[in-house]
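The paragraphs below begin with strands and then turn to helices.

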Number of protein chains: 2
Amino acid sequence: MPVMSAEVQGLPVTPAPATGPYESVPPASRFADLPDGFVLHRGGMLDGGRVAYETMGRLAPQRDNVIVILPGLSADAHVASHDDDPTPGWWEHMVGPRKPIDTDVWFVVCVNSLGSCRGSSGPASLSPKTGRPYGLTFPALSLEDVADGAAHVVRSLGIERVACVVGTSMGGMVSLAFVERHPDLARAHVSISAGLHSPPFAIATRSLQREVVRNDPEWRGGAYWPHGFPLTGMRTARKLGLITYRSAEEWGHRFGRRRLPAPGSSDGFGPEFEIEAYVQANADRFVERFDPNCYLYLSRAIDWFDAEDSSTRSTRGHTLESALVLGVRSDLLFPLDLQSQVAAHLRGLGARVAFQTLDSDKGHDAFLVDCAAFGAPIARFLEHLPS
Amino acid sequence: MPVMSAEVQGLPVTPAPATGPYESVPPASRFADLPDGFVLHRGGMLDGGRVAYETMGRLAPQRDNVIVILPGLSADAHVASHDDDPTPGWWEHMVGPRKPIDTDVWFVVCVNSLGSCRGSSGPASLSPKTGRPYGLTFPALSLEDVADGAAHVVRSLGIERVACVVGTSMGGMVSLAFVERHPDLARAHVSISAGLHSPPFAIATRSLQREVVRNDPEWRGGAYWPHGFPLTGMRTARKLGLITYRSAEEWGHRFGRRRLPAPGSSDGFGPEFEIEAYVQANADRFVERFDPNCYLYLSRAIDWFDAEDSSTRSTRGHTLESALVLGVRSDLLFPLDLQSQVAAHLRGLGARVAFQTLDSDKGHDAFLVDCAAFGAPIARFLEHLPS
């Protein structure tokens, strides 16, 4: 294990856990053990659970320069390259020294979602009881649990107050649960391309994604390990995802109707257009990286989530001071009216809220690819956070 | 066979053909035989081909009151109820006596697309050579061929000039091919939610729909008959279609996050929201009605089509006098910029073109459900057609 900055500062470190066959854990991950009997939002219980995270930057002596990043469904805790893992992270252009989320200033903690297969406990990790992947025996997971896992990481680092929680996509929903369930933990929040809940279009899309995975005979009712892997179902689910993550407009500019040099299959129905090969290549990359059952659990959790559900809402007073809500006009999954609901909701918690819509044509995924558009308002917001 | 209005008038009638096991032919269908050796746009040849159609209203003695309707991918020739088939058609509120397309005035010919399984020759119909369904031995089909089939129907009825060709969705593309390839045949055109070609978003969507059908083991490389039917693949394809045919906005109003009374499956991932049950029910209805290979052929033909392709364009002078282009702002598959391209294209042919955008939230399918919004401008346009 490489030496990590937080370790140097005497923060607690736990050893890397044994991982399941379909888990893939970024090398600079750190781990916070959940207490045994960790109770989940829908009633299940988790023993021997853990949450993976990475840190960047230096924790100030007053522990008041903490930014927590809560990622989307498929992202891991490796948000950007740093000394302990120089490979580019999923938000490489956003986080680092002198980047919009400046690690010369902030101590960044990026948390891998509970339920994921990138280091935190989930359906792909080994059940301490059986030594085999949990699969569908993993208890039903909600985004409230993902938020509790992240809060546990923060507290395990001896941090009592987070300067800002930044959540992207699903992570934005997790942030809302984080703020509701741990109302004294966050001073500020940046919500990016998220919503208070999923509208029926997004539910229909995710439901179909889950269905194609479950319809793949290789899914085997969730017990594919060690006999197989629902590759076709996962590939289809990802393609469907990609169609809704991007935008027709961007693809129009980027691919038009350009043809592939040679037809792609013998039955006469294979790829002929560049867009088809692009979608295929993206799906091929994804299926190598994500466990199907984890995908099902997190996808379902997104559909379940409703920030306005009374069981989610805190009865305690909120101490959220300010928030920035960013949305993109071309987002099909979380359209702008959802973002404006998030802004109104956060205002209802007593926060000063800036709501900014971005004119990107990159759709839901814009925050991953249009870093300039997102970086400027985020940097400005963080600069003006009261210390 | 019931007595049909056109038959009464002495127009040619051919007997109903023997149909394949997955063909389903509306009872009032009439048939026009294609000449043997009918050459297809991509080089194939069809012997013993036929095109199914229905007629409504009375052909004027001068044969100058003809409206041809060219439908979308899955629609048949039964556009609306009439004496010979009182069941509601796919555009029931649009076509009939005193309706926007008024059959007291117009003689309406609705043509089932060549390649479809609703009466015209296609992969589901019986090959005269083998007596078995063509399957993938049916020659590669283009929308140009569908247009030629429709033109053949018109001419077989002794009609030399059509007052107006009305095309919806894929039928709008077929109409463009009809106008290009038979430039003396149509005086006017109504284009509804169509485009000159498919943008990459629509290609990616259709490509994925075809892929899930082909990935279903029951597709058996297209040779499912008589051993099975790719039900799962077709259901998935239809669900994906529905997600792109409608709009997030409409579903938001209509379904919100309403739950089903009871969870839908034992593995914990079944339908929980009304939108999921709605999509499922729609898909179940569709798969009973459409042959998978026909679906693949027509879907591919849409992606191939490009009205600006030189092989499609006519070198002869156009005689199209006027056109109405209708599009819907919430259409994901054929967004408004495509509709405006259609308008420009038709202007380039010398027609007077009215381009009207409708503020419906019903997405691509709006023309099927928002009949009031579409009916008024269509009725107005037809009323002012020069006679």
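In this predicted model, strand 11 (residues 322-328) of chain A pairs with strand 12 of chain A in the parallel sense, and seven bridges join the two. One position to look for along this pair is A:Val325, which stands opposite A:Phe355 in strand 12 of chain A. As a general point, strands of a sheet pair through backbone hydrogen bonds, and they do so either parallel or antiparallel.

These two strands belong to an open sheet of eight strands in chain A, whose order is 1-4-8-5-9-10-11-12 and whose pairing is mixed. Strand 1 (30-33) and strand 12 (352-358) of chain A stand at the edges with a single partner strand each, and therefore one side of each has no neighbour in the sheet. Neighbouring strands of this sheet are, on average, turned by 20° against each other when direction is ignored.

Helices pack on this sheet as well. Helix 2 (residues 143-156) of chain A touches strand 1, strand 4 (50-56), strand 5 (66-70) and strand 8 (107-111) of chain A, and its direction makes about 100° with that of strand 1 of chain A. Helix 3 (residues 170-181) of chain A, which also packs on the sheet, touches strand 5, strand 9 (164-168) and strand 10 (188-192) of chain A, and its direction makes about 145° with that of strand 9 of chain A.

Which residues of helix 9 of chain B are buried? They are B:Leu338, B:Gln339, B:Val342, B:Ala343, B:His345 and B:Leu346. Seen down the axis of helix 9 of chain B, these buried residues fall within an arc of 165°, so they line one face of the helix. The spacing makes sense because an α-helix has 3.6 residues a turn, so residues three or four places apart point the same way. The buried residues of helix 9 of chain B pack against helix 3 (170-181), strand 10 (188-192), strand 11 (322-328) and strand 12 (352-358) of chain B. After helix 9 of chain B comes B:Gly350, whose phi is positive, near 100°.

Technical notes: Residues numbered from 1 in each chain as written. Chains lettered and ligands numbered in written order. Predicted model: local features only at pLDDT ≥ 70, side-chain atom pairs only at ≥ 80, totals over all residues. Heavy atoms only, no water. Pairing = 2+ DSSP bridges. Helix = DSSP H or I, 4+ residues; strand = E, 2+ residues; numbered from the N terminus. Axes fitted to C-alpha atoms, helices over the stretch in contact; angles between N-to-C directions. Contact = heavy atoms within 4.5 Å. Buried < 20%, exposed > 50% of the residue type's maximum accessible area, 1.4 Å probe, protein only. Arc of directions from axis to C-beta.
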